[in-house]
Amino acid sequence: VGIPFAVGASGATSTGQQLVSRARLPRPFTQRLVVPPTLTPVLTGDVDRYEIVARTARARILPGLTTTIFGYNGIFPGPLIRSRSNHPIEVVYRNRLPVPIVTHLHGGHTPHDSDGYPTDYVYPEDMTYLRQHQEMSHETPMPAGDTTNGTRTYRYPLRQRAAMLWYHDHRMDFTGPSVWFGLAGAHIVNDDEEDALGLPDGAREIPLVLTDRAFNDDGSLLYPAVDRTLTTTPGVTGGFVAGVLGDVMLVNGVPWPVADVERASYRIRMLNACNARRLRLRLDPPPTDGIVQIGTEGGLLDAPLTYDAFELAPAQRLDAVVDFSRFAPGTEVTLYNDFGDGGMKNVMRFRVNSTSGPRYTVPSALSSVERLDPASATVTRRFRFQRGTVDHRSGWIIGNSPFSPSEVSASPRLGDVEIWELFADFHHPVHIHLDPFQVISRGINGPGAFDAGWKDTIDLVPGEQARIAVRFRDHVGRFVFHCHNLEHEDMAMMANFVTHA
Ligand code: C2O
Ligand code: CU
């Protein structure tokens, strides 16, 4: 078993790829859903400390085949981290992978030196593979010697509301392949306000990490070389424009799983961790009360919202209460993706068993969400997310230039409310680091149906101009904002902002 080649915008590697035959894929809704194990801190106190080793591992994803992954602690998705608001933690990452890593806590209100800036590499402990393949972006100096200490400690103050965040690789030019091979995991922050609501918890709180993937015939993950073979690789239907789309839907790393649920209310927290696939999620048959949204990327809404279907662009999260109590025992409630075709319509299934559990009545007031007042904005900035030329090839850019670590596109003053006008030529899920924002408008309309509350990623649609209000609270330094279609990101659709007091 070879090491999966990581490929990216600046140095493509293509292996002989043959798509796994349909016959080797499990039938939908036959594999059991698992929930990622919760990581135990190695040290608790004023600061809790966690340790994660990034390494290759052999995973069982498709029946009868093994898949070499890049895994945090050797698993995909990585272990679940549970933390509390205002209780700082540190996470020590050790890099036993053959390639550099950079870890970003997505949705974290994090000082810049722990935010996982794309070129803040944690080099492999063992540099052999990297030296042989020189697989780096041109911005990168290589360390001397065959070994490095291969470790970095990230510090997270977590002065922020309860929410489901996620951590994932953020390496310059290689985020797409690194995440595709497995470097992603969920991180749930809790707080007292949320505890007071008495939401379903324990086995009745289910985090779902949704990722599409494609596989080679030997079970290995298939990731095409972005700049040359993306449009012609079988099984990868996206092409250059859409990014990399797989043909197998994994939920918590399991293909099209099934989960037993009681006749009770559940809190279901979904993360679209796909590289590039947008999802429109619907339950069939629908629960009487619909999908009740209680929160978003930035935590609880002020009041619940009810949906038949909910759209999630890459990196977006949905926090919802679903009531299975009114289904007859044995009912199969299927989670579908209306944006998918063929097998990609299926996501997972809940099988309602005969045990009755508590029903949860969602309160009409969940939280109080401060509104950023657009009228108080000190500046309006405009950014165009569009196709452009990157290193003499077709790529994706913000404004007129491809991402460069040395170029500053905005210098917001801490505490100020700003308006950012975002224009997109295609679907671009735009994510801003450091602090969340609020959607003010889309075109001539108000916020869209899925835009409520504090967001950290907005789903921009082709030809539309959206306006958001953003305020950076504290932490001085350089941060990025970018398209979270990971192939667009790797093809340079990223820019810097530098905050100042
Ligand atoms: Cu989820 Cu800058 O990333
Ligand atoms: Cu994009």
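Reader: What makes up the division of the chain into domains?
Author: The chain is split into domain 1 (22-195), domain 2 (202-356) and domain 3 (374-499), with bounds from an automatic or database domain assignment. This is a predicted model, in which local features need pLDDT of at least 70 and side-chain atom pairs count only at pLDDT 80 or more, while totals for chains, interfaces and linings use all residues. Residues are numbered from 1 along each chain as its sequence is written, and chains are lettered from A and ligands numbered from 1 in the order in which they are written.

Reader: Why does the radius of gyration of the chain agree with a compact globule?
Author: The rule, 2.2 Å times the number of residues to the power 0.38, is set against a radius taken over C-alpha atoms. A compact globule of 501 residues would come near 23 Å and the chain has 21 Å, which agrees.

Reader: How do you know that domain 1 and domain 2 touch?
Author: Two residues are in contact if their C-beta atoms, placed from the backbone, lie within 7 Å. By that test, 36 residues of domain 1 are in contact with 37 residues of domain 2. On the domain 1 side, α2 gives the largest share, four residues; helices (H or I, at least four residues) and strands (E, at least two) are DSSP runs, numbered from the N terminus.

Reader: What makes the largest nonpolar core a core, and which residues have the most contacts inside it?
Author: A nonpolar core is a set of buried Ala, Val, Leu, Ile, Met, Phe, Trp, Tyr and Cys residues joined through C-beta atoms within 7 Å. Buried means that 20 or more other C-beta atoms lie within 10 Å of the residue's own; exposed means 12 or fewer, partly exposed lies in between, and C-beta atoms are placed from the backbone. The largest such set has 94 residues, and L210 and L271 have the most contacts inside it. Strand β8 (residues 163-169) gives the most to this core, five residues. At least three residues come from each of domain 1 and domain 2. A second, separate core of 31 residues includes W420, L460, A495 and F497.

Reader: Why are β24 and β28 called edge strands?
Author: Two strands pair if DSSP finds at least two bridges between them. In the open sheet with the order β24-β31-β30-β26-β28, β24 (408-410) and β28 (457-460) each pair on one side only.

Reader: How do you know that β30 and β31 pair?
Author: Six bridges join β30 (residues 477-483) to β31 (residues 494-499), and the two run antiparallel. Pairing needs at least two bridges, so the strands qualify. Within β31, M494 is the bridge partner of H482.
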